[in-house]
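Please keep the sequence and the model in view while reading.

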Amino acid sequence: MSAKFTSIQEAMASGETLVMAHRGAMASAPMNTMAAFELALEQGADGIELDVQRSGDGHAVILHDFSVDATTDGGGAVAEKSLPELRELDAGSWFSSDYTGERIPSLDQVFASLGGRTLFNVEIKSGSAGSGLVEEQVAACIRRFSLANRVLVSSFDPYVLLNFRLLMPNVMIGFLYDPELPSKYLIPLKKLSHEARHPRHDMVDEAYMRWARQNDYYVNTWTVNELERALELRKLGVNAIISNDPKMLVDAFSP
């Protein structure tokens with residue numbers, strides 16, 4: 001589906017509700033792996049959402065947790081392992097034996113394989129090791145693959161987004177949040193120039209959408225895995241829905 005859009009800016013402004021695959025098609029494949037990303041594209045998702053943090057040797061790698069324990073056959077902190085060490089781990093068999101041998105990808109690998117084929121929501125993990133360095137790695141990778149027009153960068157941490165905005169002012173930014181927004185983020189948030197808000201889906205109603213439009217924000221909401229709620233959000237006019245099951249939404253939204 002994303003082939004019809006030449007940029008994420010065009011997609012957000014299209015008036016359509018985009019389907020973004022949360023960590024890939026994670027309902028059907030191990031999250032944040034190439035298998036999950038490829039499957040999401042096969043299922044027709046407009047884009048993929050993925051989590052980025054920094055390995056011990058300074059690479060931007062794709063994992064959600066700060067340790068590898070839950071989604072690999074290894075143990076320990078991501079920030080204490082080199083990319084080669086991370087690549088040795090099995091990141092698929094925890095999900096299903098069909099995915100035994102699936103590896104942890106780097107952002108370079110994802111962009112090299114999928115860069116011209118889809119849109120990206122790159123979430124920089126808040127609290128990841130090496131403050132400021134993760135943003136630098138992400139920015140460098142976007143530049144290497146000339147993907148500034150296909151990427152939106154998001155984070156729960158406005159300080160991360162402030163850093164990234166200085167590095168790449170031409171890349172769209174989305175602020176992620178839920179109702180428990182820490183008070184320490186209110187001041188930096190006021191200083192943050194950003195194009196999109198990424199609220200948890202239960203925060204979105206007609207009043208929220210009116211507020212967002214009045215403030216010129218795109219609204220990309222997470223994580224929506226129930227079809228009825230997805231249809232409600234589409235009717236409200238959200239710009240993108242982030243879901244574990246992109247196929248369900250693609251099928252429902254198809255004419």
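Helix H6 (residues 158-167) has five named positions to look at: Pro158, Val160, Leu161, Phe164 and Arg165 are its buried residues. They span an arc of only 145° around the axis, which puts them on the same side of H6. This is a predicted model, in which local features need pLDDT of at least 70, side-chain atom pairs count only at pLDDT 80 or more, and totals for chains, interfaces and linings use all residues. Residues are numbered from 1 along each chain as its sequence is written, and side-chain values use heavy atoms, with hydrogens and water left out.

**Terms**
- Buried means under 20% relative accessible area, exposed over 50%, and partly exposed in between (1.4 Å probe, protein chains only).
- Helices (H or I, at least four residues) and strands (E, at least two) are DSSP runs, numbered from the N terminus.
- The arc is that of the directions from the helix axis to the C-beta atoms.

**Buried faces of H6 and H10**
- The buried residues of H6 pack against strand S4 (119-124), helix H5 (133-144), strand S5 (151-155), strand S6 (172-177) and helix H7 (186-191); contact means heavy atoms within 4.5 Å.
- In helix H10 (residues 246-253), Pro246, Leu249, Val250 and Phe253 are buried.
- Their arc is only 100° around the axis, which puts them on the same side of H10.
- Their cover includes strand S1 (18-22), helix H2 (34-42), helix H9 (227-236) and strand S9 (240-243).

**H2 with H4**
- H2 and helix H4 (residues 107-114) pack at about 30°, with axes 11 Å apart. Axes are lines fitted to C-alpha atoms, for helices over the stretch in contact, and angles run from 0 to 180 degrees between N-to-C directions.
- H2 and H4 are therefore roughly parallel (angles under 35 degrees; over 145 is roughly antiparallel, 65 to 115 roughly perpendicular, the rest oblique).
- Met34, Phe37, Glu38 and Leu41 of H2 meet Gln109, Val110, Ser113 and Leu114 of H4.

**H4 with H5**
- The axes of H4 and H5 come within 10 Å and cross at roughly 25°.
- That makes H4 roughly parallel to H5.
- Leu107, Asp108 and Phe111 of H4 touch Val138, Cys141, Ile142 and Arg144 of H5.

**Asn239**
- Asn239 lies in the loop between H9 and S9.
- Its relative accessibility is 12%, so Asn239 counts as buried.
- Asn239 touches Met12, Glu16, Thr17, Leu18, Tyr218, Val219 and Asn220, not counting residues up to four places away in sequence.
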